[in-house]
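Reader: I have a structure to read and some questions about it. Could we go through them one at a time?

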Amino acid sequence: MSHSIYLKLATVLVKADLRREERAWLRKVRRSAHEIPWQNEHLLRDIGLDKEGRPLGNSLAPEVKAERHIRHLRRVLTSRIAT
């Protein structure tokens, strides 16, 4: 005895709805993994931001930045091929 076409259609629709819900849940989880907790000052400090969202402290001293820039310029100038 075969199943009714309505039962087959119902099972297909239920499976499709379950897949849709699963994809929506995964999308929500992926997005929440990249959200920044702007309301929590302690969590912001843990990831290196102040309460306005700016980075905490200076990442490089000006002298270090200048030395790197000069080193890069010297490398570029010495690696040029004279044609």
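Reader: Is Arg20 buried, partly exposed or exposed?

Author: The classes rest on relative accessible area: buried is under 20%, exposed is over 50%, and partly exposed lies in between, with a 1.4 Å probe and protein chains only as cover. The relative accessible area of Arg20 is 45%, so Arg20 is partly exposed.

Reader: Where do these values come from?

Author: The model is predicted, so local features need pLDDT of at least 70 and side-chain atom pairs count only at pLDDT 80 or more, while totals for chains, interfaces and linings use all residues. Residues are numbered from 1 along each chain as its sequence is written, and side-chain values use heavy atoms, with hydrogens and water left out.

Reader: Which residue forms a salt bridge with Arg20?

Author: Side chains of opposite charge can pair when their charged atoms come close. A salt bridge here is a side-chain nitrogen of Lys or Arg within 4 Å of a carboxyl oxygen of Asp or Glu. The closest N and O atoms are 2.7 Å apart, and the partner of Arg20 is Asp17.

Reader: How far apart are Asp17 and Arg20 along helix α1?

Author: Helices are DSSP runs of H or I with at least four residues, strands are runs of E with at least two, and both are numbered from the N terminus. Asp17 is partly exposed, at 31% relative accessibility. Because Asp17 and Arg20 are three residues apart in helix α1, their separation is about one helical turn.

Reader: How many salt bridges does the whole structure have, and which residue pairs with Glu41?

Author: A search of the whole structure finds two salt bridges. Glu41 is partly exposed at 39%. The closest N and O atoms are 3.7 Å apart, and the partner is Arg45.

Reader: Which residues form the positive surface patch?

Author: Lys and Arg count as positive and Asp and Glu as negative, with His and the chain ends not counted. Patch residues have over 30% relative accessible area and no salt bridge; like charges are joined within 9 Å, and nonpolar side chains (Val, Leu, Ile, Met, Phe, Trp, Tyr) within 5 Å. Arg27, in helix α1 (residues 5-33), has a relative accessible area of 42%. The patch is formed by Lys15, Arg19, Arg23, Arg27, Arg30 and Arg31.

Reader: What is the area of the nonpolar surface patch?

Author: Accessible areas come from the Shrake-Rupley method with a 1.4 Å probe, and for residues only the protein chains shown count as cover. Leu26 is in helix α1 and is partly exposed at 31%. Together Trp25, Leu26 and Val29 make a patch of about 270 Å².

Reader: Why is the chain called more spread out than a compact globule?

Author: The chain has three helices and zero strands. The radius of gyration is taken over C-alpha atoms, and the globule rule is 2.2 Å times the number of residues to the power 0.38. For 83 residues the rule gives 12 Å, so the chain is more spread out than a compact globule, its radius of gyration being well over that at 29 Å.

Reader: What share of the residues is buried?

Author: The C-alpha atoms fill a box of roughly 85 × 50 × 15 Å along the principal axes. The accessible surface of the chain is about 8,400 Å². Of the 83 residues, the buried ones make up 2%.

How values were computed: The place of a charge is taken as NZ of Lys, CZ of Arg, CG of Asp or CD of Glu.
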